[in-house]
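Welcome! Have a look at the sequence and the model first, and then we will walk through them together.

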Amino acid sequence: EVSRIFSSLKLPSILGPESFITIIREKYYFDKKSEEITDLKDLNLNPEDIIKSVCRYYKVNKSDLFIKRRGWFNKPRDASIYLVRHLCNFTLNEIADLFQMNTYSTVSNVYLKFKKLIKDDKNIRIDIENLMKKAQKSQEQI
């Protein structure tokens, strides 16, 4: 049994009898929710509205969000990608299409780097908090 599990290309995240796996999933997996926002199903935000809001906030044109230069930090674009992923629950491929990017892995890298920046940079954290409040207020008005 152990040889079969470890020879597999895709290893299970939890090892043990089915009863143990069920206990762990019930205790840790199913209750896991984002504390930053309400249930995504309740928000039902439109990515285009988020993009417009980010463009107004940073005083840029929508076309500026599609500028790609290796090693260049495009804060409005990265903020938009973060918010669309976080608030709309779009897949990485859907976001790649939306922002005219070649691969989902680029989106993943942008998202993860920006998520770290939010923790490390107070100004960016304030920007995202303000943008999220605006998105939630606009949703309440609908």
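How much accessible surface does the protein chain have, and what share of that surface belongs to carbon and sulfur atoms? The accessible surface comes to about 10500 Å², and 51% of it belongs to carbon and sulfur atoms. Keep in mind as you read that this is a predicted model.

**The chain as a whole**

Let us start with the overall picture. The protein chain has eight helices and zero strands, and reading along the sequence gives the pattern α-α-α-α-α-α-α-α. Of the 142 residues in the chain, 32% are buried. Now consider contacts between residues at least 6 apart in sequence: 57% of these join residues at least 24 apart.

**Two helices that meet**

Two packed helices are described by the angle between their axes and the distance between the axes. Here is one such pair to find in the model. Helix α4 covers residues 47–58 and helix α5 covers residues 75–88; their axes come within 9 Å and cross at roughly 145 degrees. The crossing of α4 and α5 is right-handed. On the α4 side, the contact is made by P47, I50, I51, V54 and Y58, while α5 brings K75, P76, A79, S80, L83, V84, L87 and C88. Sorted by class, the contact has eleven nonpolar residues, one polar residue and one charged residue.

**Some buried residues**

Which residues can you pick out as buried? Here are four of them.

| Residue | Relative accessibility | Class |
|---|---|---|
| S80 | 0% | buried |
| I50 | 5% | buried |
| C55 | 8% | buried |
| C88 | 14% | buried |

Why does C88 count as buried? Its relative accessibility is 14%, and buried means under 20%, so C88 falls within that class.

You will find I50 in helix α4. Apart from its neighbours within four places in sequence, I50 is in contact with L45, L83, V84, L87 and C88. I50 and C88 are 38 residues apart along the chain, and their C-alpha atoms are separated by 9.2 Å.

Now turn to S80, which is found in helix α5. With its neighbours within four places in sequence left aside, S80 is in contact with I51, V54, L65 and F99.

How many disulfides does a search of the whole structure find? The search finds zero. C55 and C88 both count as buried, with relative accessibility of 8% for C55 and 14% for C88.

Note on methods. Residues are numbered from 1 along each chain as its sequence is written. This is a predicted model: local features need pLDDT of at least 70, side-chain atom pairs count only at pLDDT 80 or more; totals for chains, interfaces and linings use all residues. Side-chain values use heavy atoms; hydrogens and water are left out. Axes are lines fitted to C-alpha atoms, for helices over the stretch in contact, and angles run from 0 to 180 degrees between N-to-C directions. Helices (H or I, at least four residues) and strands (E, at least two) are DSSP runs, numbered from the N terminus. A crossing is left-handed if the near helix is turned anticlockwise from the far one by less than a right angle, and right-handed if clockwise. Contact means heavy atoms within 4.5 Å. Ala, Val, Leu, Ile, Met, Phe, Trp, Tyr, Cys and Pro count as nonpolar, Asp, Glu, Lys and Arg as charged, and the others, Gly among them, as polar. Buried means under 20% relative accessible area, exposed over 50%, partly exposed in between (1.4 Å probe, protein chains only). Accessible areas come from the Shrake-Rupley method with a 1.4 Å probe; for residues, only the protein chains shown count as cover. A disulfide is a pair of cysteine sulfur atoms within 2.5 Å.
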